[in-house]
Amino acid sequence: MSHLPAGVLREAIVDVGAIADNVRHLRRLTESEVIAVVKADGYGHGAARSAAAALAGGATRIGVSDISEAIALRRAGIDAPIVAWLHAPGADFAEAAALGIELGISHLDQLQKAAAAASGDRPVAVHLKLETGLSRNGIAPDDYRIVFAEAARLERIGRVRVVALFSHLSNASREDDLAALRAFEEGVAAAASLGLAPPLRHIAATHAAIDLPESRLGCVRIGIGLYGLSPFADRSSADLGLRPAMTLRGAVAAVRRVPAGKGVSYGYDYRTGRETTLALVPLGYADGVPRQASGRGPVVIGGRRFTVAGRIAMDQFVVDVGDAAVAVGDEAVIFGDPTLGVPSATEWADAAGTINYEIVTRVGPRVPRRQVSE
Ligand SMILES: Cc1ncc(COP(=O)(O)O)c(C=O)c1O
């Protein structure tokens, strides 16, 4: 049985070797350039380490949502191209431009602000985002002509450099995604007719990159797949050739033998059916263990699988381990790589009525991340 380092109550182990391997695998599979998506602190894994690992695995560009995330990566020493695509109303692009950060552009005003942030003879690199069905941000088809014409003009005078046209898919169905892809190709043709011929086009995230080869376009934006998790309900990480990068675990903090009929945790939603042993696991909803999975979430202690007993609290939950020999300090694994006999993040997502993206991304700031490379 594995123990946590002395004095450690809880931790998330992040295997950067898995991230690099996942990128290698997806590059081979898609035969495309990979933009590694490390927004939201690398889906909880740590943005800078995830970016560095993805670049080591062959990613050529980093993608984030917010400019602040891109700036933090630059400051952490990530010098690859970084694109940020969701901006505050009235955002000032000066710092991003000075740091060579590429900007996703969703309307004319953003394009003009990006151009205004260019200094000297250094144009601001932009990715023009087209709205193709998702109803989020992106240039509306009615505005394509005016925005593309302005982008072409700004490119001619050296204020912007149009690196890419891009969009994002709904994954609602294969037909919906193919319709969005057709809408995207119409946008690409409209841009070409106004003089824009950017080197990149990207629309596929992990789901489409794997399942819809026509959407790869030589460049894919990979988020969840980097971290070794499956975006599909009916296929596991292993089915996709991916290795989960995060293991969330804690050290059993207390063990007590109790009689039948003992209430457990707030509200006594769980009562022991017979004399039994209760183990206290020091992770709660403040650490990202979803309260919605109370009474359902799986946990492995000493190589045996149990279920959370009663309600998950802010800092802890209880497990009824029956007559198993569990001791204070034993390792309790919440999730990790299921091929190693531990629960998956997806099982927790199912238990909580959510998706594996939310399970890893919500691992709280109180949980120390320990980087390993296996
Ligand atoms: C615009 C955009 N591209 C790519 C991604 C990565 O998606 P996935 O994690 O499904 O690969 C996201 C994530 O939500 C996104 O918002």
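Let me start with T277. At 8% relative accessibility, T277 counts as buried. Buried here means under 20% relative accessible area, exposed means over 50%, and partly exposed lies in between, with a 1.4 Å probe and protein chains only. T277 sits in strand β14, residues 276-281. Strands are DSSP runs of E with at least two residues, helices are runs of H or I with at least four, and both are numbered from the N terminus. The T277 side chain makes a polar contact with the side chain of R257, at 2.8 Å. A polar contact is a pair of N or O atoms within 3.5 Å; within protein, one must be able to donate a hydrogen and the other to accept it, and residues adjacent in sequence count only if both atoms are side-chain atoms.

Now, the ground rules. This is a predicted model, where local features need pLDDT of at least 70 and side-chain atom pairs count only at pLDDT 80 or more, while totals for chains, interfaces and linings use all residues. Residues are numbered from 1 along each chain as its sequence is written, and side-chain values use heavy atoms, with hydrogens and water left out.

Next, the whole chain. The protein chain has 11 helices and 19 strands. Its C-alpha trace spans about 80 × 40 × 40 Å along the principal axes. Of the 374 residues in the chain, 54% are buried.

On to the ligand. Which residues are closest to the ligand? They are K39, Y43, T206, I224 and Y357, in a shell of 13 residues. By class, the shell has seven nonpolar, three polar and three charged residues. Helix α2 (39-43) and strand β9 (219-222) each supply at least two of the shell residues.

Look at the ligand oxygens. A polar side-chain atom of K39 lies 2.7 Å from an oxygen atom of the ligand. For Y43, a polar side-chain atom is 2.6 Å from a ligand oxygen. An N or O atom in the Y357 side chain is also 2.6 Å from an oxygen atom of the ligand. Taken alone, the ligand exposes 390 Å², and the protein buries 90% of that. Those areas come from the Shrake-Rupley method with a 1.4 Å probe.

Last, backbone angles. Most residues other than glycine have a negative phi. A40 has a positive phi, near 50°. A40 is in helix α2, and is partly exposed at 37% relative accessible area. L217 also has a positive phi, near 55°. L217 is found in the loop between α9 (206-211) and β9.

Note on methods:
Near = heavy atom within 4 Å. Nonpolar A, V, L, I, M, F, W, Y, C, P; charged D, E, K, R; others polar.
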